[in-house]
Amino acid sequence: MDFLKRCNGSTLCYFTKRCQRACFSALAYKGLLPESMMDLAYGSTSHTVRRIAPQIPSRRSCTTTLIQEQPKSKRELPQFVQQHLDRLQLEVTGALAGTANDVISFGVHRPAGAVETPSNKISFELQEMAKYYFSQGGKLYRPTVALLMAASCSHDRMLETVSENQYKIAVVSEMIHTASLVHDDVIDESDTRRNRPTVNALWGNKMAVLVGDYILAKATQLLCSIGNAQVVSIMAQIIEDLVKGEFMQMGVRDSSSEARFLHYMQKTYKKTASLFANSCKSVAVLAGCNENIQRTAFEYGKNLGMAFQLIDDLLDFVAQSATLGKPAGADLKLGLATAPVLFAAREYPELDRLILRRFSESNDVQKAWDFVLNSDGLRQTRQLARQHCEEAARLIAFLPNSAHFGEHLTDLAMSQLDREH
Ligand code: FPP
Ligand code: MG
C-alpha cells in the first residue's frame with residue numbers, strides 16, 4: 001500500500017495512474033483501504049467517498065456514497081410556503097375527488113349510508129388508488145420551487161404574495177409528476193418506490209395506467225380552472241416533454257459519444273427539467289412579469305431540474321436502496337447509460353460496446369459498474385450538476401423580489417449537491 005501511495009505523484013503516466021486507481025479500488029472493495037485513502041480509490045476531490053454497507057444491487061458486495069465534507073445547515077422555508085405545502089395533500093385529495101359533472105362519485109368521503117352501486121364503487125376505488133402516492137408524503141420538491149418562484153416574481157414586494165392561481169400551479173406540478181411516476185413504474189417494471197410497493201405492484205399494470213391517466217385528467221381540470229390559456233399551454237408542454245423524454249430514453253443509442261451525451265442532456269431536460277422550468281415560467285406569467293423575467297424564471301427551473309436529475313443519476317451509483325426508497329443501481333439494469341457512465345466511457349472506451357448493447361449480455365452490468373467506480377465519472381457528474389446549480393443561483397438576482405426570497409431559491413438550487421435521496 002505504501003508503494004501505491006508513493007506512486008500518486010504527477011509524474012505517473014496516464015496508464016500507471018489508471019492501474020494505481022484500480023489497485024486502490026480493489027483494496028477498497030476488500031475493505032483493506034483506510035477511510036482516509038478512499039479518495040485515491042474513487043478519484044474524488046471535492047467530497048469524501050465513504051464505504052457504508054456490505055451490499056450493492058448487483059453481485060458484488062460493496063457500495064459507496066458521496067457525502068459533503070461539511071453538510072450545510074438547513075434554512076427553514078418561509079412560513080407561508082410551509083403552510084401551502086401542508087395543505088397541498090388535502091388540495092390534491094379534493095382535486096382527485098369527483099366533480100359536479102361526475103354524478104356517480106361520492107367525493108372524497110363516502111357519505112354514511114350511501115347506496116353502493118357498481119359505478120359508485122369504481123369511482124371510489126379509482127380515487128383511493130390515485131391518492132396512494134400522495135398519502136405517502138413525498139418531498140413536494142416541485143411545489144416548493146413553484147411557490148418560492150411565485151413569491152420571488154411578485155412586484156409589490158410584499159411578503160407572502162402567492163396567489164391562489166399560482167398555488168394551483170404548485171399543486172398541478174406535483175400531480176403531473178406523480179402521474180408520470182405511476183406510468184414510469186409500469187414501463188420500468190418497478191415494484192418499490194419510497195420504500196413501499198408501487199401502484200402497479202399492488203393493483204397491476206392495467207390499473208396503474210388508468211390511475212396515472214386519472215391523476216392527469218384531474219390535474220388538467222384544476223389547471224383549466226385558472227382560466228389562462230397561455231398557462232394551460234405552458235403546462236401542457238410539460239406533458240409533451242415527459243412523454244418525448246421517456247421515448248428518447250427508450251430509443252436507439254447514437255454511435256458517437258458526443259451525440260450520446262447530447263441525447264442524454266436533451267432527454268434529461270424533457271424528462272425532468274421541463275417540469276421545473278415550465279412551472280416556474282407559469283407562476284411568472286401569473287405574476288404579470290414581462291418576457292425577460294419569464295425567461296429568467298424558466299432558466300432557473302431548467303438549471304435546477306438538470307442538476308436534480310444529474311444528482312439522481314449519481315445517487316443511483318452511490319446511495320443505498322433503503323435511503324433512495326427504490327433499488328439502487330437500477331439504471332444499468334434497465335439498459336440506461338446516464339452521466340456517470342457516459343463520462344466513464346471517455347476514460348474507458350471499452351464501455352462504448354456495452355452502452356450500445358444496453359448492458360444486455362451477462363456480466364455487462366457488473367463490468368460497467370466497475371468502470372464507473374474506477375473512473376472520474378462520478379466526480380464529473382457532480383461537477384456538471386454544480387455548474388447547473390450555480391447558473392440557477394446566478395439568475396436569481398434578476399427576479400423582481402429576489403431581495404426577500406433569493407436566498408431560499410439559492411438554497412434550493414445548491415442543496416441539490418447535498419442530496420442523499
Ligand atoms: C422517472 O424516471 C420518470 C419520469 C421523470 C417521467 C416519466 C414519464 C412518462 C412515463 C411519460 C408519461 C407522462 C405522464 C404525465 C403520464 P426514472 O425511471 O429515471 O426515475 P425513478 O428511478 O424514480 O423511477
Ligand atoms: Mg423509473
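## Ground rules

Residues are numbered from 1 along each chain as its sequence is written, while chains are lettered from A and ligands numbered from 1 in the order in which they are written. Because this is a predicted model, local features need pLDDT of at least 70 and side-chain atom pairs count only at pLDDT 80 or more, whereas totals for chains, interfaces and linings use all residues; side-chain values use heavy atoms, with hydrogens and water left out.

## The overall picture

Let's start with the whole chain. The protein contains 19 helices and four strands; these are DSSP runs numbered from the N terminus, with helices (H or I) of at least four residues and strands (E) of at least two. Of its 421 residues, 52% are buried. Buried means under 20% relative accessible area, exposed means over 50%, and partly exposed lies in between (1.4 Å probe, protein chains only).

The accessible surface comes to about 19,300 Å², and carbon and sulfur atoms hold 55% of that area. Such areas come from the Shrake-Rupley method with a 1.4 Å probe; for residues, only the protein chains shown count as cover. Among contacts with a separation of 6 or more, 69% join residues 24 or more positions apart, a contact being heavy atoms within 4.5 Å.

## A helix under cover

Helix α19 spans residues 402-414, and its buried residues include Phe405, His408, Leu409 and Leu412. What covers the buried residues of α19? The cover includes α4 (79-96), α6 (141-152), α12 (291-318) and α18 (377-395).

## The magnesium site

Which residues coordinate the magnesium ion (ligand 2)? Asp184 and Asp188 do, each through OD, at 2.0 to 2.1 Å. Donors here are N, O and S atoms within 2.8 Å of the metal (3.2 Å for Na, K and Ca), and water is not among the atoms, so sites may look incomplete. Asp184 is buried at 11% relative accessibility, and Asp188 is buried at 18%.

Asp184 also forms a salt bridge with Arg193, with the closest N and O atoms 3.5 Å apart. Arg193 pairs with Asp185 as well, and there the closest N and O atoms are 2.8 Å apart. Both Arg193 and Asp185 are buried.

## Salt bridges elsewhere

A salt bridge is a side-chain nitrogen of Lys or Arg within 4 Å of a carboxyl oxygen of Asp or Glu. By this rule, the count is 16. One of them joins Glu91 and Arg87, whose closest N and O atoms are 3.4 Å apart. These two residues are separated by about one helical turn, because they are four residues apart in helix α4. Glu91 is partly exposed at 27%, and Arg87 is partly exposed at 32%. A network of salt bridges links Arg87, Glu91 and Glu164.

## A nonpolar patch

Leu202, Trp203, Met207 and Leu210 make a nonpolar patch of about 360 Å². Helices α8 (199-203) and α9 (205-224) each give two or more residues to the patch. Patches are made of residues with over 30% relative accessible area and no salt bridge: like charges are joined within 9 Å, and nonpolar side chains (Val, Leu, Ile, Met, Phe, Trp, Tyr) within 5 Å. Leu210 lies in helix α9 and is partly exposed, at 48%.

## Cysteines without bonds

How many disulfides are found in the whole structure? The search finds zero, where a disulfide is a pair of cysteine sulfur atoms within 2.5 Å. The sulfur of Cys153 is 4.1 Å from the closest cysteine sulfur, in Cys289, so the two are too far apart for a bond. Cys153 is buried at 0% relative accessible area, whereas Cys224 is partly exposed at 43%.
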